[in-house]
Amino acid sequence: ANEEVFSEEVRGYLTDHGLDDVRITRFCAALRTPSATCLRVNVLRTTVLEIAESLRDLCKTELGYIPTLYQHPALPECIILPPKHNPSIECSTSEGGVHISLL
């Protein structure tokens, strides 16, 4: 599967610089994995909480799970949806840093 992401030249470069097959495989998987989806809500038409509730209901019905949703730290009208396979995202940082609120 590594060949799908990297050409032989790039794969050779990574190997020459200390990455073994296990690390290259993990790196390829990370490149194919979205970190999160950010959805912006038109607050002139609805509320962030209404969309969050609708999104949870849709995921439960269509995908069989209820996602944990977060509010964007700088854009309160945005919802952050972590990918299903990796629902843990950094919810807060050190003292005085960014905090992402649960919706």
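**Close-up views of a predicted model**

**Figure 1. Leucine 55 in helix H4.** Leucine 55, at 15% relative accessibility, counts as buried (buried means under 20% relative accessible area, exposed over 50%, and partly exposed in between, with a 1.4 Å probe and protein chains only). The structure is a predicted model, in which local features need pLDDT of at least 70 and side-chain atom pairs count only at pLDDT 80 or more, while totals for chains, interfaces and linings use all residues. Residues are numbered from 1 along each chain as its sequence is written, and side-chain values use heavy atoms, with hydrogens and water left out. Leaving aside neighbours within four places in sequence, leucine 55 is in contact (heavy atoms within 4.5 Å) with Leu39, Leu69 and Leu81. From leucine 55 to isoleucine 79, the C-alpha atoms are 10.0 Å apart in space, and the two residues are 24 apart in sequence.

**Figure 2. The largest nonpolar core.** Eight residues make up this core: Val41, Val48, Ala52, Leu55, Cys59, Leu69, Ile79 and Leu81. A nonpolar core is a set of buried Ala, Val, Leu, Ile, Met, Phe, Trp, Tyr and Cys residues joined through side-chain atoms within 4.5 Å. Helix H4 (48-63) and strand S3 (78-81) each supply at least two residues of the core, and H4 gives the most, with four residues. Helices (H or I, at least four residues) and strands (E, at least two) are DSSP runs, numbered from the N terminus. In soluble globular proteins, nonpolar side chains tend to be buried together.

**Figure 3. Glutamate 53, a residue of helix H4.** With a relative accessible area of 51%, glutamate 53 is exposed. By contrast, leucine 55, also found in helix H4, counts as buried. The C-alpha atom of glutamate 53 is separated by 9.6 Å from that of leucine 69, and the two residues are 16 apart along the chain.

**Figure 4. The aromatic pair of phenylalanine 6 and phenylalanine 27.** A search of the whole structure finds one aromatic pair. Its rings belong to phenylalanine 6 and phenylalanine 27, and the pair is stacked, at 5.5 Å centre to centre with 15° between the planes. Rings of Phe, Tyr and Trp (its six-membered ring) pair if their centres lie within 6.5 Å; planes under 30 degrees apart count as stacked, over 60 as edge-to-face and the rest as tilted. The pair links distant parts of the chain, 21 residues apart: phenylalanine 6 is in the loop between helix H1 (2-5) and helix H2 (8-16), and phenylalanine 27 is in helix H3 (residues 21-32). Phenylalanine 6 counts as buried at 11% relative accessibility, whereas phenylalanine 27, at 36%, counts as partly exposed.

**Figure 5. The salt bridge of aspartate 21 and arginine 11.** The count for the structure comes to two salt bridges, a salt bridge being a side-chain nitrogen of Lys or Arg within 4 Å of a carboxyl oxygen of Asp or Glu. In the bridge between aspartate 21 and arginine 11, the closest N and O atoms are 2.8 Å apart. This pair links distant parts of the chain, with aspartate 21 in helix H3 and arginine 11 in helix H2, 10 residues apart. Aspartate 21 is partly exposed, with a relative accessible area of 47%, while arginine 11 is buried, at 15%.

**Figure 6. The salt bridge of glutamate 77 and arginine 40.** The two side chains meet at 3.1 Å, N to O. Glutamate 77 lies in the loop between strand S2 (70-71) and S3, and arginine 40 in strand S1 (residues 37-40), so the pair ties together parts that are 37 residues apart in sequence. Glutamate 77 counts as buried at 16% relative accessibility, but arginine 40 counts as exposed at 66%.

Figure 7. Cysteine 38 is in no disulfide; the nearest cysteine sulfur is that of cysteine 78, 4.1 Å away.

**Figure 8. The setting of the close-up views.** The protein chain has four helices and four strands, which follow the pattern α-α-α-β-α-β-β-β along the sequence. Of its 103 residues, 23% count as buried. Among contacts between residues at least 6 apart in sequence, 49% join residues at least 24 apart.

Conventions
Disulfide = S-S within 2.5 Å.
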